[in-house]
Structures are given as C-alpha cells and as structure tokens.
Amino acid sequence: MSTEARAAGLPSRSAAPVWTTELRREDDALDTVAEEWDELAARCRTATFFQAAAWQRSWWRHYGRPGALLVVLVRRDGRLVGAGAFMRRRGPFGGLTGLGAGLADYGDVLLDDECADRAAAEFAAALPLTRPWHWLELREVHPEAAMQRVYEHWRGSRRRHEDSLCQYLPAVPMERLLKRVPGKTAQRSRVKLRKIAEAGVRVRSTPLEEVPAALEGLLRLHFQQWQKRGVTAEHRTERFARHLTESTVGLVATGRAAVHQFHLDGELVAVNLLLLCPSFGGLYLYGAHPGLRERLDIAGLLFNAALEETVGADIPVLGLLRGQEPYKQRWRPDRLSNQRLLLGPAGVAPAAAARAG
C-alpha cells in the first residue's frame, strides 16, 4: 500500500499477479523441480500417475536422450502453476514429443486448478515451435486432460486425432459391479470368486522395502505366462526392469501405486501392479504362473484385489487402461478413446504438415 493511500485510509489495489515462464534444457531439470512438480500435480485434478515426478524422472533416466529434454515451467508470483516435459526429436524436422514412448497410457501436462485457463495460455505461448517443421506431438491424451486447455489456447496450426481406446469401470464393491453384467455371466463370476476364496489364496500388499523383489517376481511370472504367446519385446529389456522398479518404488512411497502379491500353498503365483491417482486406479502390469490357470480364474483373482484396493482408497473409477483383451470385456466396461494432439506454427505449408503427421 502506498504512503498516500495508507494516510488517507483509502483501499489499496491488490497488485496484479506476475506471470513468468521458463524453458529448462539441462538433463537433470526434472530432478531439480521434483518437489514442486508433485505439489503442482496434487493441485491438478487431471494429473495421472504418469505425470508424477517419480515416473517422469525414471523414464527420462532410462529412455531419454542426453541433451534432448525440454521442461516448460509456468509460475504465478513465483509459484509453479504449469509444467510439462518433452523430448526433442531427432532428424531434420525436429519438433517435440511427450515422455513415455509407448509405456505411458496417458500423456499430459500439469496445470493448477485455481488458474488453469490462464496457466494454459501462458504455457501455449512459451512452447518453442517457431519454424515450419517444428511440431509438438503428444500421444494418449485423455479428452479431459489439462493439455486440452493448452490445445485450445494454441494460436498456430493444430490437429486432433483418435488414439488408443481405454476402458473404465466404477470402483464399487464386487457385488454391485456384477449387476452390470448379464445374470448368467454374473453367476459364473460368483462361482469363480467363491472357488478362489476356498482355495486359500493369500493376497498381500507389498511394503515399500520389498517392492524391488516383488517386481522381479512380477516380471519373471510375466515372461512365463506369455512365453508361448509372445511377450512385449520391451518388457524383456534390462532398462524396462530398471525403469519399472525405480518408478514404482517412487509411486508406492507417495501412495500412487500398490503391488499385490498372491501366494498359494506357500508359493508366489501372481503379482499385480496397480497405479493410483485421485480420479482413478489403473491396472498396469501383472504376472501369473501358467499353471494357476488350470486351478483358478486369474483375471478374477487379480481384478478383485485391484478393485478392493481402489474402493478402499475412496477412488471412484478403476481403469483398465489401453487394450481390448477379452478378460476385460466380461465386466462390460465403459469405453473412451484417448487423443493424439499435434501443435505447429501458424500457416504451415501442407507438405510440412504432412511430414509432421
């Protein structure tokens, strides 16, 4: 308040907020902003586990290309209210792409709910897409993601395409969920669940210090389970194992993931990785002993544990993530496609736009 206004007893005008943007390109940029990054994620209702600092930092360490990171930061009076991490493309056309490279089921940025629209406008204005061949491509964007606001504020060329189909179920007790399915299917599911209970399967939520060992078991069982049907090639790599372990430890430590172990007759027969955020839980990866299929309903076993964890955490939705595997369809899930967003400079020639696409 000025001296004159204070002396006259006049009301002061609150100062307009100061907005600043910053582009960080150093390889450890995500590490240096990790704490305030997660604080912002907690204030962004659309943030998923894939936008958590633990997941983004781990992915960059194991899959990023040195010198190719770009972190966009938006601040309001010094407080972080917008953030996103991208990787610069190789090749003559350059451009940007989101972190994840097929491992993330949801790509997005972070915007503070209290000022999301203005933060999105500032974020869009800060994107360094100036040359005709510079485009940003972000895959697997949920229709309600924060990045959709940035897309609306973008003043250059933009394209929106359909991407992977994701599926969702209400996180309610199993008996209520079974009301979604036909009577005969529901009855068969009840019989299978009763058989699981009678078999004496012990379900255990893994404490933080045991997560690395549990994930070793998950990958071992995952390979055994799919060895005759073809496992995803990347899941066999050492870097995926390191990324899975590092990111999951960070997520479990902050309540964003749970690892379930299933023992039968004293033997580890299955491990399930469930990712968690305030809006939904997501079944990400599991492994099960091939011989278990002959005794019990594996899908029902793993799904029931994930459902109970999600309901217990008061999370409203259980996501089945990408893919239309038959075991998911028995629950009659709701379907919603992600989107692929492309942002480029204004007035891009058709040929350049085609190359970017």
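**Figure 1. Asp77 sits in the loop between β2 and β3.** Asp77 is exposed, with a relative accessible area of 52%. Exposed means over 50% relative accessible area, buried means under 20%, and partly exposed covers the range in between (1.4 Å probe, protein chains only). Asp77 is not a glycine, yet its phi is positive, at about 55°. Helices (H or I, at least four residues) and strands (E, at least two) are DSSP runs, numbered from the N terminus. The model is predicted: local features need pLDDT of at least 70, side-chain atom pairs count only at pLDDT 80 or more, and totals for chains, interfaces and linings use all residues. Residues are numbered from 1 along each chain as its sequence is written, and side-chain values use heavy atoms, with hydrogens and water left out.

**Figure 2. The whole protein, for orientation, has 13 helices and 13 strands.** Its C-alpha trace spans about 80 × 60 × 40 Å along the principal axes. The protein has 357 residues, and 53% of them count as buried. A contact means heavy atoms within 4.5 Å. Take the contacts in the protein with a separation of 6 or more: 75% of them come from residues 24 or more positions apart.

**Figure 3. Helix α4 (residues 53–63) is largely enclosed by the rest of the structure.** How many of its 11 residues are buried? The count is 9, so the rest of the structure largely encloses the helix. The buried residues are Ala53, Ala54, Trp55, Gln56, Ser58, Trp59, Trp60, His62 and Tyr63. What covers them includes the helices α2 (29–32), α3 (34–42) and α10 (238–253). The cover also includes the strands β2 (69–76) and β3 (79–88).

**Figure 4. Helices α3 and α4 pack at an angle of about 135°.** Two packed helices are described by the angle between their axes and the distance between the axes. Here the axes of α3 and α4 lie 9 Å apart. Axes are lines fitted to C-alpha atoms, for helices over the stretch in contact, and angles run from 0 to 180 degrees between N-to-C directions. α3 and α4 are therefore oblique to each other. Angles under 35 degrees count as roughly parallel, over 145 as roughly antiparallel, 65 to 115 as roughly perpendicular, and the rest as oblique. On the α3 side, Ala34, Trp37 and Asp38 make the contact. On the α4 side, Ala53, Gln56 and Arg57 make it. By class, the contact of α3 with α4 has 3 nonpolar, 1 polar and 2 charged residues. Nonpolar covers Ala, Val, Leu, Ile, Met, Phe, Trp, Tyr, Cys and Pro; charged covers Asp, Glu, Lys and Arg; the others, Gly among them, count as polar.

**Figure 5. Strand β10 (residues 267–276) is largely enclosed, and 9 of its 10 residues are buried.** Two strands pair if DSSP finds at least two bridges between them. Strand β9 (residues 257–264) pairs with β10 in the antiparallel sense, over 8 bridges. Leu264 stands opposite Glu267 in β10. β9 and β10 form a hairpin with 2 residues between them. In that turn, Asp265 has a positive phi of about 55°. β10 also pairs with strand β11 (residues 281–288), antiparallel and over 7 bridges. There, Leu273 stands opposite Leu285 in β11. A hairpin through 4 residues joins β10 to β11.

**Figure 6. Leu321 lies in strand β12 (residues 317–322).** Is Leu321 buried or exposed? It counts as buried, at 2% relative accessibility. Leu321 is not a glycine, but it has a positive phi of about 60°.

**Figure 7. Ser189 is found in helix α8 (residues 183–199).** At 6% relative accessibility, Ser189 counts as buried. Which residues does Ser189 touch, not counting those up to four places away in sequence? They are Leu178 and Arg330.

Figure 8. A disulfide is a pair of cysteine sulfur atoms within 2.5 Å. Cys166 is buried, with a relative accessible area of 0%. Its closest cysteine sulfur is in Cys277, 12 Å away and too far for a bond. Cys277 also counts as buried, at 8% relative accessibility. For Cys277, the closest cysteine sulfur is in Cys44, 10 Å away and too far for a bond.
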